[in-house]
Amino acid sequence: KENNMNKYKIEIKETLSHICQIEANSLREAILKVKHKYHNGDIVLNEDNLVATEFNDMNERSSQRKKTNENRER
């Protein structure tokens with residue numbers, strides 16, 4: 001019995017988001033502080049921070065890349 005099914009490449013892309021409130025002398029310093037905390041593992045995003053999921057057509061033969069978005073209420 002032959003398998004007549006086609007194979008498709010579908011990308012799953014998740015977007016996570018978290019807003020940090022931090023004290024600093026400037027915007028640049030605030031961003032650097034948050035980056036430092038993030039890279040040190042003090043700020044960890046997880047499934048609770050999920051705001052959107054996309055399912056994208058990644059097939060070479062597709063003339064247009066098709067996107068399907070699913071946004072999650074916060």
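Hi everyone, here is a short walk through the predicted model of this protein.

Residues are numbered from 1 along each chain as its sequence is written, and side-chain values use heavy atoms, with hydrogens and water left out. Because this is a predicted model, local features need pLDDT of at least 70, side-chain atom pairs count only at pLDDT 80 or more, and totals for chains, interfaces and linings use all residues.

So how confident is the predictor? pLDDT is its confidence in each residue, from 0 to 100. The mean for the protein is 89, and 81% of its residues reach 70 or more. Among the elements, helix H1 has the highest mean, 98, while strand S3, residues 67-71, has the lowest, 66. Where pLDDT is low, the predicted coordinates should not be read in detail.

Now the layout. Helices (H or I, at least four residues) and strands (E, at least two) are DSSP runs, numbered from the N terminus. The protein has 1 helix and 3 strands, and along the sequence they follow the pattern β-α-β-β.

Let's look at the strands. S1, residues 10-16, pairs with S2 in the antiparallel sense over 7 bridges; two strands pair if DSSP finds at least two bridges between them.

For the protein as a whole, buried residues make up 15% of the 74 residues.

On to the helix. H1 covers residues 27-39, and its 13 residues should span 18 Å at 1.5 Å a residue. That expected span is 1.5 Å times one less than the number of residues. The end C-alpha atoms are 18 Å apart, which agrees. Just after H1, glycine 41 takes a positive phi of about 85°.

How many salt bridges do we get? Taking a side-chain nitrogen of Lys or Arg within 4 Å of a carboxyl oxygen of Asp or Glu, the count comes to 2. One joins the side chains of glutamate 29 and lysine 33, at 3.5 Å, N to O. These two are 4 residues apart in helix H1, so about one helical turn separates them. Glutamate 29 is partly exposed at 26%, and lysine 33 is partly exposed at 34%.

The other salt bridge is between lysine 9 and glutamate 60, at 3.3 Å, N to O. Lysine 9 sits in the segment before S1 and glutamate 60 in the loop between S2 and S3, so the pair ties together parts that are 51 residues apart in sequence. Glutamate 60 is exposed, at 62%.

Let me finish with asparagine 59, which lies in the loop between S2 and S3. With 13% relative accessibility, asparagine 59 counts as buried. Its side chain reaches the backbone nitrogen of lysine 9 at 2.9 Å and makes a polar contact with the side chain of aspartate 57 at 2.6 Å. A polar contact here is a pair of N or O atoms within 3.5 Å; within protein, one must be able to donate a hydrogen and the other to accept it, and residues adjacent in sequence count only if both atoms are side-chain atoms. Leaving aside residues up to four places away in sequence, asparagine 59 touches Lys7, Tyr8, Lys9 and Ile10, where contact means heavy atoms within 4.5 Å.

Technical notes:
pLDDT is the predictor's confidence in each residue, from 0 to 100. Buried means under 20% relative accessible area, exposed over 50%, partly exposed in between (1.4 Å probe, protein chains only).
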